[in-house]
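Work through these exercises with the model open beside you. Try each task before reading its solution.

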Amino acid sequence: MRTTDMVRRDSVRRADPSTGTYEYTESVDGVRVVALDDRGRIALVEENVYVCGQRLLMCPGGGCEPDEDPLAAARRELAEEAGIRAAEIEPLTKMWRMPAGARTREHLYLARGLSIGEHHRDASEADMQLRWVPLEQTVTMCCDGRITEAGTLAAVLLTAQRTTARSGMPSM
């Protein structure tokens, strides 16, 4: 847990009016970035995720530093994990990561106008691999269970909806 993370236990009075407790973590917000290249491919990183006990495919992202603007965190994470810089980054949405158990949000972004350079991964990301996957195939991977991380699922599906709407094609 980061030094800024806290586990909280709050006593509450419910509507019925019984009392109870809620336990949850409180942490800084996080980001996920769909990096969409001019060939219609998305940058996904694959890494071992300790808590899940398996390798996961995800859009680049991670936690915001304390008091860091989420857009700045999105740019930083994209460069650190994938070595990607983006000419434009637009917000897709923000969502609660796990509303019943954590007071933290995930900010989702779409990045375009990409240039590729060197990544700057930390020690916990040493086994990370970058993959470029067509958007349509990534949507299929979200639907068939190959992509299971919540922020990535939401970001990919929102990107597909947004890009479909811009092209004039029927939306999902």
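**Ground rules.** This is a predicted model: local features need pLDDT of at least 70, side-chain atom pairs count only at pLDDT 80 or more, and totals for chains, interfaces and linings use all residues. Residues are numbered from 1 along each chain as its sequence is written, and side-chain values use heavy atoms, with hydrogens and water left out.

**Exercise 1. Overall layout**

Task: State how many helices and strands the protein has, and give their order.

Solution. 
- Step 1. Count the elements. The protein has three helices and 10 strands. These are DSSP runs numbered from the N terminus: helices are H or I with at least four residues, strands are E with at least two.
- Step 2. Read the order from the N terminus: β-β-β-β-β-β-α-β-β-β-β-α-α.
- Step 3. Take the extent. The C-alpha trace spans about 55 × 40 × 30 Å along its principal axes.
- Step 4. Check burial. Of the 172 residues, 42% are buried. Buried means under 20% relative accessible area, exposed over 50%, and partly exposed in between, with a 1.4 Å probe and protein chains only.
- Step 5. Check contacts, meaning heavy atoms within 4.5 Å. Among contacts between residues at least 6 apart in sequence, 60% join residues at least 24 apart.

**Exercise 2. The nonpolar cores**

Solution. 
- Step 1. Set the rule. A nonpolar core is a set of buried Ala, Val, Leu, Ile, Met, Phe, Trp, Tyr and Cys residues joined through side-chain atoms within 4.5 Å.
- Step 2. The largest core has 18 residues, of which V34, I42, L44, L92, L135, I147 and V156 touch the most other members.
- Step 3. Assign them. The largest share, four residues, comes from α2.
- Step 4. Note the second core. It is separate, has 14 residues, and includes A73, A74, A86 and Y109.
- Step 5. Leaving aside neighbours within four places in sequence, I147 contacts L44, L57, T138, M141, C142, T152 and L153.

**Exercise 3. The faces of α2**

Task: Decide how the buried residues of α2 are arranged around its axis.

Solution. 
- Step 1. List them. L135, T138, V139, M141 and C142 are buried.
- Step 2. Look down the axis. The buried residues fall within an arc of 160°, so they line one face of α2. The arc is that of the directions from the helix axis to the C-beta atoms.
- Step 3. Turn to the face away from the buried side. E136 and C143 are exposed there.
- Step 4. Step past the helix. G145 follows α2 and has a positive phi, near 90°.

**Exercise 4. Two residues compared**

Task: Are A82 and D67 buried or exposed?

Solution. 
- Step 1. Take A82, found in α1 (residues 70-82). Its relative accessible area is 4%, so A82 is buried.
- Step 2. List its contacts. Not counting residues up to four places away in sequence, A82 touches P60, E77, H119 and L130.
- Step 3. Take D67, in the loop between β6 (61-63) and α1. At 84% relative accessibility, D67 is exposed.
- Step 4. Check the backbone. D67 is not a glycine, yet its phi is positive, near 65°.

**Exercise 5. The largest pocket**

Task: Find which element gives the largest share of the lining of the largest pocket.

Solution. 
- Step 1. Count the lining. It has 36 residues, of which R32, V49, G62, G63 and R97 lie nearest the pocket centre.
- Step 2. Apply the definition. On a 1 Å grid over the protein atoms alone, a pocket is an open set of points where a 1.4 Å probe fits, with protein on both sides within 12 Å along at least five of seven lines; lining residues have an atom within 4 Å of a point.
- Step 3. Name the largest share. α1 gives four residues.
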